[in-house]
Amino acid sequence: MTQEENALFNEQKKLVLARFKTLNPEAKIMLGGDKEVSVKELISHIESGDEFGKKVVKVQIKMLQVLARDAN
């Protein structure tokens, strides 16, 4: 990942964390149809920068892009 891509990802990570931190940390979110994860767990994965956390950030950014495109 280039320095520019890394900077962009870090900004996206901040945005996703800000969104999740507005939710109840004990709330559960369904992933993949059968896996339940708490918001607190998602935040932990994102903050630690593990592969699951990185995937969550990418999926959330994609969702925001779709919502923004549909809003126009």
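This is a predicted model: local features need pLDDT of at least 70, side-chain atom pairs count only at pLDDT 80 or more; totals for chains, interfaces and linings use all residues.
The buried residues of helix H2 are Val39, Leu42, Ile43 and Ile46, where buried means under 20% relative accessible area, exposed means over 50%, and partly exposed lies in between, with a 1.4 Å probe and protein chains only. Seen down the axis of H2, these buried residues fall within an arc of 100°, so they line one face of the helix; the arc is that of the directions from the helix axis to the C-beta atoms. On the other side of H2, Lys40 and Ser48 are exposed.

Residues are numbered from 1 along each chain as its sequence is written, and side-chain values use heavy atoms, with hydrogens and water left out.

Now to the overall layout. The protein has 3 helices and 2 strands, and from the N terminus on these elements run α-β-β-α-α. Helices (H or I, at least four residues) and strands (E, at least two) are DSSP runs, numbered from the N terminus. Along its principal axes the C-alpha trace spans about 35 × 35 × 20 Å, and of the 72 residues of the protein, 22% count as buried. Among the contacts with a separation of 6 or more, 40% come from residues 24 or more positions apart, a contact being heavy atoms within 4.5 Å.

What covers the buried residues of H2? The cover includes H1, S1, strand S2 (35-38) and H3. After H2 comes Gly49, whose phi is positive, near 75°.

Let us turn to helix H1. At 1.5 Å a residue, the 18 residues of H1 should span 26 Å, and its end C-alpha atoms are 26 Å apart, which agrees; the expected span is 1.5 Å times one less than the number of residues in the helix. In H1, the residues Phe9, Lys13, Val16, Leu17 and Phe20 are buried. Seen down the axis of H1, its buried residues fall within an arc of 100°, so they line one face of the helix. The face of H1 turned away from that buried side carries the exposed residues Gln3, Glu4, Leu8 and Lys14. The buried residues of H1 are covered by elements that include S1, helix H2 (39-48) and H3.

Lys14 deserves a moment of its own. Lys14 is exposed, with a relative accessible area of 52%, and although Lys14 and Ile46 are 32 residues apart in sequence, they are 9.4 Å apart in space, C-alpha to C-alpha.

Next is helix H3. Its 21 residues should span 30 Å at 1.5 Å a residue, and the end C-alpha atoms of H3 are 30 Å apart, which agrees. The buried residues of H3 are Gly53, Val56, Val57, Gln60 and Ile61. They cover an arc of only 130° around the axis, which puts them on the same side of H3. On the other side of H3, Glu51, Lys55, Lys58, Lys62, Arg69 and Asp70 are exposed, while the cover of the buried residues of H3 includes H1 and H2.

Which residues does Val56 contact, leaving aside its neighbours within four places in sequence? They are Phe20, Leu42 and Ile46, and Val56 itself counts as buried at 11% relative accessibility.

In the strands, I would point to Ser38, which has its place in strand S2 and is buried, with a relative accessible area of 6%. Not counting residues up to four places away in sequence, Ser38 touches Pro25, Glu26, Ala27 and Lys28.

Finally, the largest pocket. On a 1 Å grid over the protein atoms alone, a pocket is an open set of points where a 1.4 Å probe fits, with protein on both sides within 12 Å along at least five of seven lines, and lining residues have an atom within 4 Å of a point. The largest pocket is lined by Arg19, Phe20, Thr22, Leu23, Ile29, Leu31, Leu42, Phe52, Lys55, Val56, Val59 and Gln60. Helix H1 (3-20), strand S1 (28-31) and helix H3 (51-71) are the elements that give two or more residues to this lining, and H3 gives the most, with 5 residues.
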